[in-house]
Amino acid sequence: MRRVESLTQLAGPVVLLVLVGLVGSFMDHPRALEFTNALVSAGIVAALYVFVGNSGVLSFGQIGFVIVGAYAAGEMTVPADAKLSVLPKVFSPIRDHTIGNAESLLLAAGIGAIYALLVGIPLMRLSGLAAGIATFAVLGITHNIVRNWEQIGPGPLTLSTVPETTDLWQATLGAVAVVGLAFLYQRSRLGRQLRAAREDPAAARAAGIDIHRQRLWAFTLSGALSAFSGGLFVHYQGTINVEDVYLQLTFLSLAMLVVGGVGSLWGAVVGALLVSGLNSFLIDGENGQVGLINDLLGRSLWHGSALVGVAAVMLVILLVRPSGITGGKEFRLPGGPYRRRRLAAPTSPAPTP
């Protein structure tokens, strides 16, 4: 029964992602791009969930790993004849070598894992507000290094001529791969120990669980998956500026996780797809592409309405359902054979005369 329940919990988010990919394949090109963006966002949020959801520690730094993965995958796949003009000052190993799409995603994941491990060794000893501030500092440091160190990238300029290889199907497969690894981790011994430490740190320490080590494992895996998703992102965009993967993406990713439900992988996927769809709809309204909005207001939405709308939805969710749309629970089929049933209270034997 437990194996059936586990497979069902994994099948829920995977089937939803595949359905989004299938529906997107029937859309025209502009709408298909929005579906692709939603799938890439699902990968980023699932990677964020690996650490935040399992540890209970709020982290703003995961988008820093997205930055690292995006630039690593993007720079190493720029055609060799274009690197002299696009990346004139980078170190020679970056300038003189070009790799394929699949290799770039694996490279991004590896660099993200190493970076997260090095950063996490001191940071994972922190908890609460201190941990959140420290991870935000990591995001700021990463942003400024990439923006100003022209030996590793284009600096403040836009990285262009990146092959646009993340189509609808690669985005679907990439998101499914991230969700699958996230699920395997949370069902593993390491994941169960970290969730136990999240629920009761004192009892976890008494049981011999090294909380620092367990958080570090999750932080490293989250960094690898975030960087992998960053590779999908840059190959979807084709161009990237460091500001594209900074505060706005950080806010959106956290909003997606909160709206769906921080405590479950199912919530991460649902929240990512719903908020991504809402954000795309509001951006279309800003650009005057939604007839209903234009008719009601007599004009397009004001610039910045998308972020305000997403923030308002997150606020409503936090007030009405603090645990998110899914209640922080994994996907379950209603009335399944593995449904938990209440045990009847034992009846006391009848008194003997």
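Buried here means under 20% relative accessible area, exposed means over 50%, and partly exposed is what falls in between (1.4 Å probe, protein chains only). On that scale Phe136 counts as partly exposed, at 39% relative accessibility. The model is a predicted one, in which local features need pLDDT of at least 70 and side-chain atom pairs count only at pLDDT 80 or more, while totals for chains, interfaces and linings use all residues. Residues are numbered from 1 along each chain as its sequence is written, and side-chain values use heavy atoms, with hydrogens and water left out.

Aromatic rings come next. Rings of Phe, Tyr and Trp (its six-membered ring) pair if their centres lie within 6.5 Å; planes under 30 degrees apart are called stacked, over 60 edge-to-face, and the rest tilted. Searching the whole structure turns up six aromatic pairs. One of them joins Phe60 and Phe136, and it is edge-to-face because the ring centres sit 5.7 Å apart with the planes at 90°. This pair ties together distant parts of the chain, 76 residues apart: Phe60 lies in the loop between helix H2 (29–55) and helix H3 (62–77), and Phe136 in helix H7 (residues 128–148). Helices are DSSP runs (H or I, at least four residues), numbered from the N terminus. Phe60, at 24% relative accessibility, is partly exposed.

Phe91 and Trp149 make another edge-to-face pair, 6.0 Å centre to centre and with 90° between the planes. Here too distant parts of the chain are linked, 58 residues apart, with Phe91 in the loop between helix H4 (80–86) and helix H5 (92–95) and Trp149 in the loop between H7 and helix H8 (168–187). Phe91 is partly exposed at 39%, and Trp149 is partly exposed at 42%. Ring pairs also link Phe51, Phe65, Tyr115 and Phe219 into a cluster.

Tyr115 turns up again in a helix contact. The axes of helix H6 (residues 101–123) and H7 come within 11 Å and cross at roughly 145°, where axes are lines fitted to C-alpha atoms over the stretch in contact and angles run from 0 to 180 degrees between N-to-C directions. With contact meaning heavy atoms within 4.5 Å, H6 brings Tyr115, Val119 and Leu123, and H7 brings Ala134, Thr135, Val138 and Thr142. Five of these residues are nonpolar, two are polar and none is charged.

The loop between H7 and H8 also holds Thr161. Thr161 is not a glycine, yet has a positive phi of about 60°. At 39% relative accessibility, Thr161 is partly exposed.

Notes
Helices (H or I, at least four residues) and strands (E, at least two) are DSSP runs, numbered from the N terminus. Ala, Val, Leu, Ile, Met, Phe, Trp, Tyr, Cys and Pro count as nonpolar, Asp, Glu, Lys and Arg as charged, and the others, Gly among them, as polar.
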